[in-house]
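Open the structure in your viewer and keep the selection panel handy.

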Amino acid sequence: MIVAVQGTHDFEDYNVFLRAMAVALSCLPEEDKEFNIYSAGPAKINSFVSEFSNLSERGMKGRGRKIKFYTVPPSWIEENMEHVNYFAFLSKPKEPVSKLTTFAESKNVEVGIFRY
């Protein structure tokens, strides 16, 4: 499974990020043994993804699954959107969604918008 993550510069709530990852994991098909997260930033979001991936690695391995994360530019996600299974966008209330979020919706990718 491929999950793409993007957020705003002002987003800083790790608990909301964890909720987004829980939703993404709930979409993971039983037969899928890899959970790949592609983070398009900004730096705080990339840090959250890195921490989540590192902390989850042992638990996933115990269930016979692998978790990996990659930091990529938004353009990479846009170019590879046909492979993305879930897109999570993180922001504070009243902040507009990104162009990438709108693009994911137009490509019928499941999108989760998480605000606090």
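Start by selecting Asn-36: in this predicted model, Asn-36 counts as buried because its relative accessible area is 9%, under the 20% cut-off. You will find Asn-36 in strand S2. Now show what surrounds it: apart from neighbours within four places in sequence, Asn-36 is in contact with Met-1, Ile-2, Val-3, Lys-68 and Tyr-70.

Next, colour by secondary structure. The protein chain has four helices and five strands, and from the N terminus the elements run β-α-β-α-β-α-β-α-β.

With the elements coloured, turn to the largest nonpolar core, which has 22 residues. Select Val-3, Val-5, Phe-17, Met-21, Phe-35, Ile-37 and Leu-90, the members that touch the most others. Two or more residues of this core come from each of strand S1 (2-7), helix H1 (14-26), strand S2 (34-39), helix H2 (43-62) and strand S4 (86-91). A second, separate core holds 13 residues, among them Val-84, Phe-87, Leu-100 and Val-109.

Now centre on Leu-90. Leaving aside neighbours within four places in sequence, its contacts include Val-5, Phe-17, Ala-20, Ile-45 and Phe-114.

Finally, zoom out to the whole protein chain. Its C-alpha trace spans about 40 × 30 × 20 Å along the principal axes. The radius of gyration is 13 Å, in agreement with the value near 13 Å for a compact globule of 116 residues. Buried residues make up 45% of those 116. Of the contacts with a separation of 6 or more, 72% are between residues 24 or more positions apart.

Note on methods. Residues numbered from 1 in each chain as written. Predicted model: local features only at pLDDT ≥ 70, side-chain atom pairs only at ≥ 80, totals over all residues. Heavy atoms only, no water. Core = buried A, V, L, I, M, F, W, Y, C linked by side-chain atoms within 4.5 Å. Buried < 20%, exposed > 50% of the residue type's maximum accessible area, 1.4 Å probe, protein only. Contact = heavy atoms within 4.5 Å. Rg over C-alpha atoms; globule rule 2.2 N^0.38 Å.
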